[in-house]
Amino acid sequence: MNAKEIIQIFYENGNEELAEPMAKYMRNRFEFLGIKSPKRKEISKEFIKEAKKTKRIDWGFVEKLWTLTEREFQYLACDYLRAMKKFLVEEDLEKLKDLVITKSWWDTVDSLDQTIGSINFPSDYIDEEMLKWSEDENFWLRRVAINHQRPRKDKTNTILLEKILKNNLNQTEFFINKAMGWALREYSKTDSKWVSDFILENKEGLSNLTIREASKYLD
């Protein structure tokens with residue numbers, strides 16, 4: 001199955017009855033084919049399995065998917081990149097950055113963040129870039145920087161996490177305050193004292209939303 005064929009299969013599996021509520025859930029920012037996540041993963045499973053055998057990222061395919069109107073194609077691109085993440089290299093970060101800032105919304109951004117965080121881990125270059133992103137005027141890039149370490153548990157670089165979070169204190173942007181809460185909440189499962197201390201030391205700069213999310217698993 002090639003790229004052209006998987007795109008055609010997606011079109012053939014569209015469901016107009018599902019497309020409308022799916023678009024509504026995303027505030028009608030995007031058009032949808034009407035393919036829900038389980039179905040999407042089912043029909044793309046064989047394609048992704050074959051793609052992994054190539055051991056290289058087909059950026060032409062990814063970029064093509066990002067230009068298509070229906071949102072499921074961006075989801076397919078995210079699924080593909082997640083499956084192929086061990087083949088990503090540091091030079092791919094700029095391409096991933098373009099995806100983050102194009103057709104941006106939480107659905108794709110929150111899929112790309114951990115893929116980005118996995119590149120050549122541990123990587124001083126990625127750490128430095130995430131620190132830069134944490135101060136970018138584009139809040140979606142800041143959201144990626146905040147959340148890119150979420151699955152790392154005891155491998156979390158807390159020095160980097162602290163710097164990134166402090167770069168985003170005193171925010172009014174919902175998507176940033178929510179992301180900060182998620183990042184802290186996730187790390188609290190590994191080191192609750194670190195998170196408690198961070199909240200205490202930076203309470204004046206943290207939103208109520210961030211504190212509420214971060215404190216979910218704290219005593």
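**Note on pockets, cavity, domains and selected residues**

1. In the lining of the largest pocket, the largest share comes from H5, which contributes four residues. The model under discussion is a predicted one, and the values below are to be read with that in mind. The volume of this largest pocket is about 250 Å³, and its lining is made up of 16 residues, among which Met-22, Met-26, Ser-37, Arg-40 and Tyr-75 lie nearest the centre of the pocket.

2. As to where the lining of the largest pocket comes from, at least two residues are supplied by each of helix H2 (16–25), helix H3 (37–54), helix H5 (71–83) and helix H7 (106–117). Seen by domain, domain 1 (1–87) and domain 2 (97–218) each provide at least three residues of this lining. Sorted by class, the lining of the largest pocket holds seven nonpolar residues, three polar residues and six charged residues.

3. By class, the lining of the second largest pocket divides into six polar, four charged and two nonpolar residues.

4. When the whole structure is searched for cavities of 30 Å³ or more, one is found, and the volume of the largest cavity is about 70 Å³. The residues that line the largest cavity are Ile-146, Gln-149, Arg-150, Lys-153, Thr-156, Leu-161, Ala-183, Glu-186 and Tyr-187. Helix H11 (residues 174–188) supplies the largest share of this lining, namely three residues, and the class count for the lining of the largest cavity is four nonpolar, two polar and three charged.

5. On the division of the chain, the protein is split into domain 1 (1–87) and domain 2 (97–218), and the centres of domain 1 and domain 2, taken over C-alpha atoms, are separated by 27 Å. To the contact, domain 1 brings 18 residues and domain 2 brings twelve residues. A reader who wishes to look at both domains together may return to the largest pocket, whose lining draws at least three residues from each of domain 1 and domain 2.

6. Helix H6 (residues 93–101) has Leu-93, Leu-96, Leu-99 and Val-100 as its buried residues. Viewed down the axis of H6, these buried residues fall within an arc of 115°, and they therefore line one face of the helix. The partners against which the buried residues of H6 pack are helix H4 (59–67), H5, H7, helix H8 (124–133) and helix H9 (139–147). After H6 comes Lys-103, a residue with a positive phi, near 55°.

7. Thr-210 belongs to helix H13 (residues 208–214). The relative accessibility of Thr-210 is 1%, and because buried means under 20%, Thr-210 counts as buried. If its neighbours within four places in sequence are left aside, the contacts of Thr-210 are with Asn-177, Met-180, Gly-181 and Leu-184.

8. What is the geometry of the peptide bond from Phe-121 to Pro-122? That bond is cis, with omega near -5°. Pro-122 is placed in the loop between H7 and H8, and because its relative accessibility is 68%, where exposed means over 50%, Pro-122 counts as exposed. Pro-122 and Glu-5 are 117 residues apart along the chain, and their C-alpha atoms are separated by 36 Å.

9. Asn-28, although not a glycine, has a positive phi of about 55°; Asn-28 sits in the loop between H2 and H3, and at 56% relative accessibility it counts as exposed. Asn-170, likewise not a glycine, has a positive phi of about 60°; the place of Asn-170 is the loop between helix H10 (158–166) and H11, and with a relative accessible area of 61% Asn-170 is exposed.

Definitions and conventions. Residues are numbered from 1 along each chain as its sequence is written. This is a predicted model: local features need pLDDT of at least 70, side-chain atom pairs count only at pLDDT 80 or more; totals for chains, interfaces and linings use all residues. Side-chain values use heavy atoms; hydrogens and water are left out. On a 1 Å grid over the protein atoms alone, a cavity is a set of points where a 1.4 Å probe fits but cannot get out, and a pocket is an open set with protein on both sides within 12 Å along at least five of seven lines; lining residues have an atom within 4 Å of a point. Grid points are joined across faces, edges and corners, and a volume is the space filled by probe spheres set on the points. Ala, Val, Leu, Ile, Met, Phe, Trp, Tyr, Cys and Pro count as nonpolar, Asp, Glu, Lys and Arg as charged, and the others, Gly among them, as polar. Domain bounds come from an automatic or database domain assignment. Buried means under 20% relative accessible area, exposed over 50%, partly exposed in between (1.4 Å probe, protein chains only). The arc is that of the directions from the helix axis to the C-beta atoms. Contact means heavy atoms within 4.5 Å.
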